[in-house]
Amino acid sequence: MRRIDVELGERGYPVLIGPGARHRLAGVLAGIGARRVAVVSARPAEWLPDTGLDTLVVEAKDGEEGKSLAWVAELCSRFTAFGLGRADAVVSCGGGTTTDAVGLAAALYHRGVPVVHLPTSLLAQVDASVGGKTAVNLPEGKNLVGAYWQPSAVLCDTDYLDTLPPRERVNGYGEIARCHFIGAGDLRHLPLPEQIAASVARKAAVVAADERDTGLRHILNYGHTLGHALERATDFRLRHGEAVGVGTVFAGRLAGALGRIGPERVAEHHEVVAHYGLPTALPPEVGTGALIALMRLDKKAVDGLSFVLDGPRGAELVSDVPESLVARTLDAMPRAAAGEA
């Protein structure tokens, strides 16, 4: 079992990675001192570990339709009806959308109750469950309403990954691929548990240095500005990790167009993303103008179009990138054949 600590003083917590990690849940909850717990799960009952406490199980709304304020309000109402108090706890068991919505509900209920994450998808294990960012969507954009609420623990049970369909596993590689360009090193030839651990360790270090996204933490959004736009433009037909993969290829091309990196490093972006089996081309039905309009809604876009880009000092946030250059770079991107992811 690998343990990585997110060093945030009194709000620090462990991330446990390995087979059977979910069975540590009862011990974690006992350590919190909870009397009862609400488990919001997107997975079958047989995959839920024993909590050792009086437990409410709520079926999650996994997927983007579950990332809404209405669902968060419904969860809080269910917690109230169960009698969940401020000293009790909430557990999420599911993918990244479950982690996001349940984390936000925990942050808001009684102005904050402890939450433990049991991420069951590769995407959630390498990224969404760690770092304390919680959020839901608005019609105007992704993750526009949220809060920072660190979990008490994250239990990344790699046994859960055996249940994933192939496309969902590839989806998780989107976040691992972008780690290549934000300081995690080349993870391509490591076993999957080591890839997860290295990705979590890199994120933990960044979060410990910049919990509230005021500087360094921006690098975790590598590939995400275009990625989020692609998700919305395709009505989420393109999954998050797939969209981030395309966004990472684009980030390399844009950095090259700005003269921040050379042709070999630009090509490396494509090579790394393709290695993980992720898409590298734009969907054929999405136009450049529509993508730029969506990217203007990005939370980082306070000074024109902003992107996290590679460069001489490594990845960093670059603001006020000329729209004309963004458009030309998008126009030069290859397009997938109709029907491809």
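1. The charged end of Arg22 sits over the ring of Tyr160, 5.3 Å from the ring centre. A charge counts as over a ring when NZ of Lys or CZ of Arg is within 6 Å of the ring centre and within 35 degrees of the ring normal. Likewise, Arg36 has its charged end over the ring of Phe82, at 4.9 Å from the centre.

2. A note on the source: this is a predicted model, in which local features need pLDDT of at least 70 and side-chain atom pairs count only at pLDDT 80 or more, while totals for chains, interfaces and linings use all residues. Residues are numbered from 1 along each chain as its sequence is written, and side-chain values use heavy atoms, with hydrogens and water left out.

3. Searching the whole structure gives 5 aromatic pairs; rings of Phe, Tyr and Trp (its six-membered ring) pair if their centres lie within 6.5 Å, and planes under 30 degrees apart are called stacked, over 60 edge-to-face and the rest tilted. Trp47 and Tyr160 form a tilted pair, because their ring centres are 5.3 Å apart and their planes stand at 40 degrees. Trp47 belongs to the loop between β3 and β4, and Tyr160 to the loop between β9 and α5 (166–179), 113 residues apart, so this pair links distant parts of the chain. Helices (H or I, at least four residues) and strands (E, at least two) are DSSP runs, numbered from the N terminus.

4. Buried means under 20% relative accessible area, exposed over 50%, and partly exposed in between (1.4 Å probe, protein chains only).

5. Leu48 is also in the loop between β3 and β4. Its contacts, leaving aside residues up to four places away in sequence, are Val39, Ser41, Val57 and Cys93; contact means heavy atoms within 4.5 Å.

6. Two strands pair if DSSP finds at least two bridges between them.

7. Strand β3 pairs in the parallel sense with β4 over 6 bridges and with β5 over 5 bridges. Arg36 has Asp54 in β4 as its bridge partner, and Ala38 stands opposite Val90 in β5. Of the 6 residues of β3, 5 are buried. Elsewhere in the sheet, β6 (115–119) and β9 (153–157) run parallel and are joined by 2 bridges, with His117 opposite Val154 in β9.

8. Helix α8 (240–257) has 15 of its 18 residues buried, so the rest of the structure largely encloses it. From first C-alpha to last, α8 reaches 25 Å, close to the expected 26 Å; the expected span is 1.5 Å times one less than the number of residues. After α8 comes Gly259, with a positive phi near 75 degrees.
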